[in-house]
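Hi,

Here is the model I promised to send over. Have a look at it first, and then read on for what I found where the chains meet.

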Amino acid sequence: MGLLDREFTEDNIVISKVDDFLNWGRLSSLWQVGFGLACCAIEMMATSASHYDFDRFGVIPRPTPRQCDVIIISGTVTFKMATRVKRLYEQMPDPKYVISMGSCANCGGPYWEHGYHVLKGVDRVIPVDVYVPGCPPRPEALLEGLMKLQEKIRNESLVKKAIV
Amino acid sequence: MKSTQEIYNLLKEKFQEKVIQHLNTLPKEEVIEVRPESINEIVEFLRDDKELHFDNLILLSGVDDANGSKNKLEDGTEEITGGTLSVYYHIESMDLRHKLVLKVSAPRENPEVESIYDVYGCANWHEREAFDMLGIIFKNHPDLTRILMPYDWEFGYPLRKDYRNPEFYQGMKVPY
Amino acid sequence: MIFEFFADLLGSQILSAIIIAALPLVFIILYVLLANWLERKVSAHMQDRLGPMRVGWHGWLQPIADMIKILQKEDIVAKDADRKLFSAAPVLVFVGCYAAFAAIPFSSAFVGADLELGLLYILAVSSIVVAGILMAGWASNNKYALIGAVRSAAQIISYEIPTVFIILCIIIVSGTLNLTTLSEQQSGTFLNWYILGGDVEGWKKFALIPFMFIGFIVMYISSVAESNRTPFDLPEAESELVAGYHTEYSGMKFAMYLFAEYANMFVVSALVVAMFLGGYQSPFGYVGDLINVPWLIPIEQFFWFTVKGLFFVFVQMWLRWTLPRLRVDQLMALCWKYLIPIAFVNLLIISFLMIL
Amino acid sequence: MALKTEEMVLNMGPQHPSTHGVLRLEIELDGEIIINVKPHIGYLHRCFEKHCEAMTYPQIIPYVDRMDYLASIYNEFGYAVAVERLLDIKVPERVEYIRVIMGELQRIASHTVAIGTYGLDIGAFTPFLFLFRDREKILSLFEMTCGARLLYNYIWVGGVSHDLHPNFLRQTKEFINYFKPIITEINNLLTYNKIFIERTANVGILPLDAAINYGITGPNLRASGLKWDLRRDDPYSIYDRFDFEIPVGKGWMGTVGDCWDRYYLRILEMEQSLKILEQAIEQIPDGDITSAIPKRIKPPEGQIYARVENPRGELGYFIMSKGGLQPWRVKVKAPSFVNMSIFGDLCRGHLIADVVAILGSIDIVLGEVDR
């Protein structure tokens, strides 16, 4: 649509400065979808609460996916839920990021073998940026996952990657 | 407060052949087995009788007895034919402080049990769950649909011992 | 005054008018950034947290980062939405708030349009917001948005009635609808503010104080309701209606609602300040008078007005993070069963007092 | 003559800020008034019962944790009681005390979340964060004991996994002293707030006969006026040694069994839990933390139903053994599942905002509803 959607073929100082500026905005204000699935959601709530305070990083929960940047898949994704998770992801506006929190969302966790109704890894439905291991991950682990995501955003660029 | 034996005698007297037997050989819990088509009138009597007054259904659980003939299929899994599926009813009286376990068994091929949703309100969801998990059909139930599994799940009843997982559900791979 | 200044400087009235029109916009943007940051810090400290900390000193760059991010976001219009109305609604909502700023007297030297009917104008213009919200709710083709919009319309229209009654009280006492005149009448010290009876002479002043105080409370409650803040934030009640009428909005369109919400908070606070708390007048007199520097006075007035306005904005935040939310029928009951009768009786008593 | 209106169907969830997880409510509306609510559950069905049939008895404990993730200790407690009764073993005295202390701490932790999120549902944000701050203190006590914050795997069949940390009892005492004023603070901030009372009193009234008929248990049943607490009425472990009261709903602000009663009962229960904790800390003896049980737990053929008083109500395990290493069938009586089944009836005729209030007041955990 606009200038920002275009990819540039060569790098220069202006573009990389603009990159830094835009990336800084994106990584400092990651609004999360206020959405919890299972046990990890409680740890996610604990992360937002006073003791760990997600808001320090500029992360606030928004109730509607339309105004969010990051979705934290916090818990077991079942087949009944998987279609909804996918729908939710599709409703978010670009640029959007996914943090998969906890073993269940990463790979099915303890339910990998006999879980006839458990999706073994949310990455079978939506693309995942950061995996946070643990069952459930401690709030510190989630914070680290968020910082990993920020690192990833920091290295994004408007310059088209050369095809090697 | 009444023991299971006393209640069994009472029931046998009133319902005759609708009450099948009193199982008290196994440890821990005594069970009264009744006919699946008359469970509704029996629990209604148990609830309304002043002496018994079983006002609370604690739990309704379906069990796959897996006592039919097992034949191995080519892919290594088992299929069970014949035998029974059972439903256990744990009921208690909150003021008289006695408990009772009822059991009904129905043939696996046509597991029909009378619904008791009109006697105990919470039986409604419990029965739906038993239907969802084991395929036990509760007659006269107002809304016997799947409750936990997706409504369009057509791969059988997961808690049956011979349940086999599908390969894909709506394009999503099911096994690990 | 500023208008004449620019007109002399540039030699063109049109250019000067454009500058004057842009000034409130600059103010709104700066104020929204500040208020947004303040809201997050205030809420955080009330809740034993720190709030934004990572960008700048105590996260003061947070709203700027938010804005940069929102600018980059995809602008989604749902397939079944009414495209034209969907795009027009946020503009309309913002215009409603922005237009209200035209008549707000920031200082004796700067008021966008010194209207004779200033009070009435603000009241009328801010009703455009309702139209915008209704459009948003309808055009989104989303049930939550629709319910939120209908609630909002009902709420804002109902709460305008007690507001008008209280404005009538002020008119009876002051005899003017012009906000600048209203402020000028309250000059001197804070004893001349209308909440303390204004410049009325004799015993009447003391008789007026309790009723003015009631009027102030009613006015403030209904103005909080008009700006859709907790405990009256039903149109966007998070736990019931997801995000209410702006559920479907993303990117800059959502940012416009955000701007409008904060701007609206200031408009209603400014109205309360102008009516009851001396407008732009200082409570104690001016430094400019003391040291005989006349051009300092308008700047001081601007300072006092902003401080008073921001204080009431702060009170709104305070309420938001303390109180639970009312239910829709209780909201209406509060308005129709309590506020309107109180305001009406208040009006009668004040009129009676002024006739005497 | 009434105008003809069309009903609107509103879908709440599975992603909705106040459905406490992944619950979907299909609400038929006439304007803002509810005609019918149909809950759709199962979005978190994690096949617990199937797993039980494939695991050995001790292996089931971590899965039990993940059922009601706000009261994990209590789930383990109930499971351990059931298996121990099936095996006919008695656990050492110290273990019983540790279990009770842990269980009551867990009850307080669970109720803080229930109360906090209830405030959130009504629109008050701050109590939620205050209570989460205090919950962290309980979690650090758990962490000190078994190294986990949420899912503990602590209570094992025949014992517990670790003995208490030497500082545990002192810090628990400190916590009790810290938490008592917090209850007063929450009362001032939320419980007696006029708006909060207006929103919750006389809303979602659950009459006692309906509650019994629907098998409602726990605080929800007690709020309807029946003094029924399994810690008293079907004692397990050592609860008969403690002196505590069972609060019942009295309709303080409105009718018996309304949302405010259910909410306030949880606060009263936290006070009683503190009382039990104080006594247990005084009385705890030294001793073993495991009883002599075989490595391979293999109960005889038979069946058992054992139940405990979970923060949400009666948590029961129906375990059927056919003599193998794995149970033949484990069926859980999940209090949230049963409490949820009356939800549709409670909501009828109320407004949309009340759905949220009622749902919050019956305090469900979706992990347990769906298992």
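A salt bridge here means a side-chain nitrogen of Lys or Arg within 4 Å of a carboxyl oxygen of Asp or Glu. By that rule, there are 2 salt bridges between chain D and chain A. One of them joins Glu43(A) to Arg149(D), with the closest N and O atoms 2.8 Å apart. Please keep in mind that this is a predicted model.

Staying with chains D and A, the interface also has 11 residue pairs in polar contact, both residues being at pLDDT 80 or more. On the chain D side, α1 (48-54) and α5 (126-146) each supply at least two residues, and α5(D) gives the largest share, with 7 residues. By class, that side of chain D is made up of 17 nonpolar, 6 polar and 9 charged residues. In total, 32 residues of chain D touch 35 residues of chain A, and the two chains bury about 3100 Å² between them, 66% of it on carbon and sulfur atoms.

Now for chain B. Here 44 residues of chain D are in contact with 44 residues of chain B. The buried area comes to about 3700 Å², with 57% on carbon and sulfur atoms. Between chains D and B there are 6 salt bridges, including one from Asp233(D) to Arg97(B), whose closest N and O atoms are 3.0 Å apart. Polar contacts link 16 residue pairs, again with both at pLDDT 80 or more. Strand β6 (residues 302-310) of chain D contributes the most to the side facing chain B, with 5 residues. That side of chain D holds 19 nonpolar, 8 polar and 17 charged residues.

Best wishes

Methods:
Residues are numbered from 1 along each chain as its sequence is written. Chains are lettered from A and ligands numbered from 1 in the order in which they are written. This is a predicted model: local features need pLDDT of at least 70, side-chain atom pairs count only at pLDDT 80 or more; totals for chains, interfaces and linings use all residues. Side-chain values use heavy atoms; hydrogens and water are left out. Contact means heavy atoms within 4.5 Å. Buried area is the accessible area (1.4 Å probe) that two parts lose on being put together, summed over both. A polar contact is a pair of N or O atoms within 3.5 Å; within protein, one must be able to donate a hydrogen and the other to accept it, and residues adjacent in sequence count only if both atoms are side-chain atoms. Helices (H or I, at least four residues) and strands (E, at least two) are DSSP runs, numbered from the N terminus. Ala, Val, Leu, Ile, Met, Phe, Trp, Tyr, Cys and Pro count as nonpolar, Asp, Glu, Lys and Arg as charged, and the others, Gly among them, as polar.
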